[in-house]
Amino acid sequence: MQITTEQRRARIGVRHALAPTARAATPVEAADAIVALHATDAATVFLSACARMREPGVTPVERALYEDVSLVKLLSMRRTLFAVSRELAPAVDAAAARAIAARERATFLKHLKAWNGLDEAWLQRAEAAALAVLKDKGEATGSEISAAEPLLRTKITVFPGTRQETQQGVATRVLRMLACDGHIRRGHPRGSWTSSQFRWAPGEDFAGMDVADAQAELTRRWLYAYGPATEADLVWWTGWTKTAARKALAATGAVPVELHEGTGYVLPDDTGPVAAPEPWAALLPGLDPTPMGWKERDWHLDAGYRKALFDGSGNVGPTVWWNGEVVGGWAQRQDGEVVWRMFTDVGGDAERAVAAEAERLSAWVGDARITPRFRTPLEKELTA
């Protein structure tokens, strides 16, 4: 059975909550639509969620992140920070975050021992001290935590004997370990919603789900949102080995289908056609999960546009979409104006739809100014 490029693009509009009639009511629904919101850049969580919400706004996203904590940030797939729904968090934790946390801890302990003569018992004392400060304060910045606990003001040497040798405070690394293990979480930012400086707050332990079951559940969610997709796409998106990806695909009962680039997979009850939504446009931010959802992207992103839209490390910048295809890029200038450039003539309807999306974006962003963490050639050019 073959699934066409047109069908895959139709699925993006519907499944990724980008067509107006498919938009989500809440930030949690928006996150679930694409499995996880990329959270390396603080602003991306808001921009990605609001691009998919019927009534976009900063307040509902802040509430989900910091008040009812219905969105949880986890260092997970591809060793990247994502915001996922609380419902999905245990699966993401077991499927990806646990293994990453174990590797992070092993590496840190190796550096502590080899470079500074500090052992695991010392790290445990430092972690307990940080948790005690947070229990007392509720929320605190890293500097506030280290100021309250002398042990966390310890200086460690990194890369001794090399040109990169330097000393750094241990608090940042200790807090990172606690966050990887779920003992603490990223709380309210210091400043506006676009700020990547934040306070730490007590976290939540999601441990307990079987790894194989968790990987199967995460794959099932991913296949529904991103399928049809290839095994290589799943390996890339999750950061798993091929063996783990194949086992997870098998556990879902995934069905092979024919795609332009080779064999893809869909869920066993998802082989039928998806009705194309109404014509739609979207302005998606840098690092948005939709353009980053597959390793193979030629079916929705012309290879000739990649140099303008990606940085040297493969991070995507802000993109303009029309009916499931990337057709341009956008940026926000310092005076607040949202500007864009089309790579091809897509017609008057598309131009008007993109202009309407730019107006919708400007309305909820208000006075905030957005500069992507990873800047790309076109974004820089548009804001010059």
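1. A strand, as the word is used in this note, is a DSSP run of type E with at least two residues, and strands are numbered from the N terminus. The model under discussion is a predicted one.

2. With that term in place, Asn323 can be located in the loop between strand 11 (319-322) and strand 12 (325-332). The backbone of Asn323 deserves a remark, for its phi is near 50 degrees, a positive value in a residue other than glycine. Most residues other than glycine have a negative phi. Asn323 counts as partly exposed because its relative accessibility is 30%, which falls between the limits of 20% for buried and 50% for exposed.

3. Ala17 also calls for attention: its phi is positive, about 55 degrees, although Ala17 is not a glycine. This residue belongs to the loop between helix 1 (5-15) and helix 2 (27-33). Is Ala17 buried or exposed? Ala17 is buried, because its relative accessible area is 3%, and the cut-off for buried is under 20%.

4. A further backbone feature concerns a peptide bond. Most peptide bonds are trans. The bond that joins Gly227 and Pro228, however, is cis, with omega at about 5 degrees. Pro228 lies in the loop between helix 9 (211-226) and helix 10 (231-238).

5. The packing of two helices may be considered next. Helix 3 (residues 42-51) packs against helix 4 (residues 58-67) at an angle of about 120 degrees, and their axes are 10 Å apart. The two helices are therefore oblique to each other, since an angle of 65 to 115 degrees would count as roughly perpendicular and one over 145 as roughly antiparallel. The crossing of helix 3 and helix 4 is right-handed. Helix 3 contributes Val45, Phe46, Ala49 and Cys50 to the contact, while helix 4 contributes Val58, Val61, Glu62 and Leu65. Sorted by class, this contact of helix 3 with helix 4 comprises seven nonpolar residues, no polar residues and one charged residue.

6. Three strands, in the order 1-3-2, make up an open sheet with antiparallel pairing. Its edges are strand 1 (37-38) and strand 2 (71-75), each of which pairs on one side only. Five bridges connect strand 2 with strand 3 (residues 81-85) in the antiparallel sense. Within the sheet, Leu75 stands opposite Leu81 of strand 3. Helix 5 (residues 89-116) lies across strand 2 and strand 3 and runs at about 20 degrees to strand 2.

Technical notes. Residues are numbered from 1 along each chain as its sequence is written. This is a predicted model: local features need pLDDT of at least 70, side-chain atom pairs count only at pLDDT 80 or more; totals for chains, interfaces and linings use all residues. Side-chain values use heavy atoms; hydrogens and water are left out. Helices (H or I, at least four residues) and strands (E, at least two) are DSSP runs, numbered from the N terminus. Buried means under 20% relative accessible area, exposed over 50%, partly exposed in between (1.4 Å probe, protein chains only). Axes are lines fitted to C-alpha atoms, for helices over the stretch in contact, and angles run from 0 to 180 degrees between N-to-C directions. Angles under 35 degrees count as roughly parallel, over 145 as roughly antiparallel, 65 to 115 as roughly perpendicular and the rest as oblique. A crossing is left-handed if the near helix is turned anticlockwise from the far one by less than a right angle, and right-handed if clockwise. Contact means heavy atoms within 4.5 Å. Ala, Val, Leu, Ile, Met, Phe, Trp, Tyr, Cys and Pro count as nonpolar, Asp, Glu, Lys and Arg as charged, and the others, Gly among them, as polar. Two strands pair if DSSP finds at least two bridges between them.
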